[in-house]
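Q: Could you walk me through reading burial and salt bridges in a model like this one?

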Amino acid sequence: RRPGAVTRRSAGALVAVLALRPASRRAQDAEPWRNSYYPVVSYSRNDGWGIGLQYNWTQRAPWDATYPHRGQLGLRASVSTHGSYTFLTTFAAPGLSPDWRFIAEAGAVRDARFQFFGLGDTTTWDRALETGADQLYYRTDRRRILGDAEVSRRLHGHLWLAGAASYRHTTFEAPAGNSVFQNDFGPELKESDATGRLTLVFDSRDNEYDTRRGLLLETSALAGSAGSGYQRFTTVLRGWKAFGDYATWWIDGRLLASTTSGSVPLDGQFFIPTWESSIRSYGGAGTNRGLVDQRYTGADVLGANFSVNRDLVNLGLYGAVSVHAFVDAGRVFDVGGFKLTTDGMKVGGGGGVALRFGKTAIYTFNFAGGPDGFVFTLGDGWMF
């Protein structure tokens with residue numbers, strides 16, 4: 001070979017690689033936004049059968065991205081046989097910029113038979129009272145007009161700072177006949193609440209849709225306008241650890257602590273705002289699978305969850321079938337009553353099956369025993 005021939009070929013290859021890199025970036029940026037429509041069919045003991053339509057306008061993420069889509073705009077409209085309805089517009093953009101994340105939601109929601117067992121950690125559930133004209137004894141009608149938005153900025157590596165704002169106008173109405181809500185609040189309760197929240201986040205998850213490894217730690221401070229004003233401080237630690245070359249076994253756990261002060265509105269006691277989502281409090285597929293949905297309501301919450309998981313079938317990005325065993329424990333407190341304690345803990349445990357379709361659809365079927373006896377819950381996504 002003549003001197004310099006290899007050098008010239010190497011230089012040519014380098015030029016080709018450099019030329020391809022921006023082209024690849026342009027191709028990624030040019031990924032088209034696609035429309036999709038699909039029906040929504042549901043059933044629950046409270047709402048009966050529901051039917052609706054979901055529309056999404058989505059830009060797919062690269063196949064190796066940790067999030068399922070770069071950006072998505074969604075519209076949902078649904079109604080149920082018992083009078084509930086949902087009209088929501090959502091926008092999520094975790095991947096339009098490498099250092100920014102955006103999420104927003106607005107709409108109107110009615111829960112015509114919203115479960116309410118009273119406030120505090122010692123409420124009772126006497127099924128014998130749910131008969132005849134009082135069959136809605138543990139129900140209330142909740143209607144909300146809501147708007148939420150959150151912007152996150154990467155500070156460095158896995159560290160993020162997020163700012164969120166929200167507004168809710170909520171109307172509760174007692175059902176016909178006797179009810180816990182009627183006894184505690186009268187025939188109607190109206191609330192308006194605007195909040196602002198700052199959250200510091202450490203996120204080292206391997207991916208966001210089917211996490212097997214990493215940590216997600218967040219701590220936040222929230223101020224709300226309801227009544228004479230209130231404050232909430234929340235810390236949530238989630239962790240995942242996989243075993244084996246193909247991560248077919250993994251364990252995960254979560255610790256949750258939230259404390260408040262001031263005049264916390266009733267609606268604000270049914271959920272805990274967290275980074276880009278919220279946790280329903282307390283009971284059900286999102287907090288304690290050994291309790292029925294919202295079995296306990298309180299402004300302050302302490303909880304823990306632990307699961308052992310095993311893939312039976314894993315088709316990678318196409319989907320998976322898994323089984324899991326779990327134990328959940330937690331309790332609520334009155335406003336400002338939070339403390340680290342095991343007293344009054346409600347413990348549930350059991351097992352279940354999880355089905356994942358692609359990157360976005362995950363359903364968990366949980367069978368548990370706890371203070372409410374046998375409880376079946378269906379989760380729309382992983383618990384955390």
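A: Gladly! Burial first: buried means under 20% relative accessible area, exposed over 50%, and partly exposed in between (1.4 Å probe, protein chains only). This is a predicted model, where local features need pLDDT of at least 70 and side-chain atom pairs count only at pLDDT 80 or more, while totals for chains, interfaces and linings use all residues. Residues are numbered from 1 along each chain as its sequence is written, and side-chain values use heavy atoms, with hydrogens and water left out.

Q: Is leucine 155 buried, exposed or partly exposed?

A: Leucine 155 has 47% relative accessibility, so it counts as partly exposed. Leucine 155 lies in strand β6 (residues 139–156); strands (E, at least two residues) are DSSP runs numbered from the N terminus.

Q: Which residues does leucine 155 touch, not counting those up to four places away in sequence?

A: A contact means heavy atoms within 4.5 Å. Under that sequence limit, leucine 155 touches Trp160, Leu161 and Leu200.

Q: How many salt bridges are there?

A: A salt bridge puts a side-chain nitrogen of Lys or Arg within 4 Å of a carboxyl oxygen of Asp or Glu. That rule gives 22 salt bridges. One of them pairs aspartate 111 with arginine 142, their closest N and O atoms being 3.0 Å apart. This pair links distant parts of the chain, 31 residues apart: aspartate 111 sits in strand β5 (residues 100–115) and arginine 142 in strand β6. Aspartate 111 is buried, at 17%, and arginine 142 is buried too, at 7%.

Q: Which residues are linked in a network of salt bridges?

A: Arg110, Asp141, Arg143 and Glu173. Within it, aspartate 141 bridges to arginine 143 at 3.6 Å between the closest N and O atoms. Aspartate 141 is buried, at 9%, whereas arginine 143 is partly exposed, at 24%.

Technical notes: Helix = DSSP H or I, 4+ residues; strand = E, 2+ residues; numbered from the N terminus.
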